[in-house]
Amino acid sequence: MQGDQYVLGMVGLGVMGRNLLLNMADHGFKVAGYDKDASKVEALRNEKVKGEVKGFTSLQEFIGSLSKPRAVMLLVPAGKIVDSAIAEITPLLDKGDLIIDGGNSHFMDTNRRAEELEAKGLHFFGMGVSGGEEGARNGPSMMPGGDPNAYKVVQPIFEAIAAKVNGDPCVTYIGPGSSGNFVKTVHNGIEYAIMQLIAETYEVMRKGLGLSGEQMHSTFRTWNEGRLQSFLIEITRDIFAYKEPGSAQLLLDSIKDEAKSKGTGKWTSQVAMDLQLPITAIDTAVSMRDLSKYKAIRTQAARLYTDNGLKLSVDQAKFIQSLEEALYFTTVIAYAQGMHLLSQASKEYGYNLQLANIALIWRGGCIIRSTFLQSIHNAYKKDNTLPHLLLDADIAAQMKGALAGMRQVVSTAAATGISVPAFAASLSYFDALRSEHMPSNLIQAQRDFFGAHTYELIGKEGVFHTQWTKK
């Protein structure tokens, strides 16, 4: 290898791409970046780093600067832009070179791209990257999936720049094909659910208990020192205390209640439906973001159906303890549904996912990092064939201890008229899951009645149909 060549090239020098490159350079890797936007290349050149990083506006010069086998990473918006970038890069590469898509691409697109590039002798990786701007710069969680031999080319780089927990890097080879992008999609679905659950907790505190920002900040600070400790609880704690310089009002109170999304939560729900696997907390979170966008309708409905204050008649201190139990309970449900989806998808798509390892790499760097992930790791480490996280004895003991608070919050909120849809969906999911006998036998009878769809009988082999009405 020539002395002036770079071990990895980054296409796309936005916030994530630039910060990942800087992270690599700080860890002693010579890296290069390319962007059509000259101002972004200039911004990279002006960054102060410990190592060596070079920016290019010429794609040919950029590719020519890389050592072989070339490793080119894309951090561009998902969709057609990824395909366009691949189309531009591919003619400049040689057989055995590696392209890594580090964006939030749909896993089906990753499958297609991998097949197309394999036919040209190129390796393709779909790699989920979580942690945002700060994680990219100081240590993200990364989920690479593709050819295991090709991964070895970049493994030292990714292990060096990843977040570390107890010295362990928060990156591991996920599996073949699109497994990396799939795991990141489910990660984002869990993220949607937990954010919605925290938002509902905020709604109960604000509307039902009338707590001030300072009181909510104090409560979340306490919670973040216990079993709820997580990145999302931590940042929510800080949001409840943040005021613009010179302002006496929380910035939060000035932000519109219309949530945006980039589609990964929706993808999680869609694939779960394709696999016929319920993830009710995630589905509800996606729906509530969608509902938030209908502000005009909500405003009209608020005038038509007045809420009369929605204040809870409860002992505040005791109810806040119940809220902690409910938030813990539902957070576990969100993780459990996500892990169940990963387990089923692993069988369906041949990913051979190691759920214990996935829990480990989510402990640091990523948005859903939390203390509870160690419990998830322990559960799957004990039994890597565990069919559902809620069947682990240690987790079951925690859930039983939080159940009373869970029921109190949902029932009290419903009686008062405060919306807690993800809480309610999580509790109903739990109650259905622990039901040995569901009322689905009635649904089967109904289907047979109106459509002759048949049914099966308890203790009797075969498929049956009844003429329910006598003519």
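Guide: Let's start at Asn-166, which is exposed at 70% relative accessibility (buried means under 20% relative accessible area, exposed over 50%, partly exposed in between, with a 1.4 Å probe and protein chains only). This is a predicted model, where local features need pLDDT of at least 70 and side-chain atom pairs pLDDT of 80 or more, while totals for chains, interfaces and linings use all residues. Residues are numbered from 1 along each chain as its sequence is written, and side-chain values use heavy atoms, without hydrogens or water.

You will find Asn-166 in the loop that runs between strand S8 (164-165) and strand S9 (168-169). These names are DSSP runs numbered from the N terminus: helices are H or I with at least four residues, strands are E with at least two. The backbone of Asn-166 has a phi near 55 degrees, which is positive in a residue other than glycine.

Gln-276 has a positive phi of about 55 degrees, although it is not a glycine. Its loop lies between helix H11 (264-274) and H12, and Gln-276 is exposed, with a relative accessible area of 74%. Another backbone feature is the cis peptide bond that joins Lys-68 and Pro-69, with omega at about -5 degrees. Pro-69 sits in the loop between helix H3 (59-64) and strand S4 (71-74).

Gly-128 lies in strand S6 and is buried, with a relative accessible area of 0%. Beyond its neighbours within four places in sequence, Gly-128 is in contact (heavy atoms within 4.5 Å) with Ser-141, Met-142, Met-143, Gly-180, Asn-181 and Lys-184. The C-alpha atoms of Gly-128 and Val-332 are separated by 22 Å, and these two residues are 204 residues apart along the chain.

The unreviewed UniProt entry places the feature "binding site" at Asn-104, Ser-130, Gly-131, Gly-132, His-187, Asn-188, Tyr-192, Lys-262, Arg-289, Arg-447 and His-453. They span 350 residues in sequence, and their farthest two C-alpha atoms are 49.1 Å apart, so they do not all gather at one spot. UniProt positions follow the numbering used here, feature names are shortened, and annotations may be inferred rather than shown by experiment.

Take two of these residues. Gly-131 is in the loop between strand S6 (123-130) and helix H6 (132-138), and it counts as buried at 14% relative accessibility. Its contacts, leaving aside neighbours within four places in sequence, are Gly-365, Cys-366 and Ile-367. His-187 belongs to helix H8 and is buried, at 0% relative accessibility.

H8 leads us to the largest pocket, to whose lining it gives the most, with 11 residues. On a 1 Å grid over the protein atoms alone, a pocket is an open set of points with protein on both sides within 12 Å along at least five of seven lines, a cavity is a set where a 1.4 Å probe fits but cannot get out, and lining residues have an atom within 4 Å of a point. The largest pocket has a volume of about 1,800 Å³. Its lining has 41 residues, and Gln-196, Ala-199, Tyr-202, Glu-203 and Asp-257 lie nearest the centre. Helix H8 (179-208), helix H10 (231-239), helix H12 (280-292) and helix H13 (295-304) are the elements that each give two or more residues to this lining.

The largest cavity has a volume of about 140 Å³. It is lined by 19 residues, and Leu-228, Ser-230, Thr-331, Tyr-335 and Ser-370 are the closest to its centre. H8, H10 and helix H14 (316-349) each give two or more residues to this lining, and H14 gives the most, with five.

Finally, let's look at the whole chain. The protein chain has 19 helices and 11 strands, and 50% of its 471 residues count as buried. Along its principal axes, the C-alpha trace spans about 80 × 70 × 45 Å. The UniProt annotation "domain: 6-phosphogluconate dehydrogenase C-terminal", from the unreviewed entry, covers residues 180-469. Over that stretch the chain is 63% helix and 3% strand, and the end C-alpha atoms are 53 Å apart.

Technical notes: Grid points are joined across faces, edges and corners, and a volume is the space filled by probe spheres set on the points.
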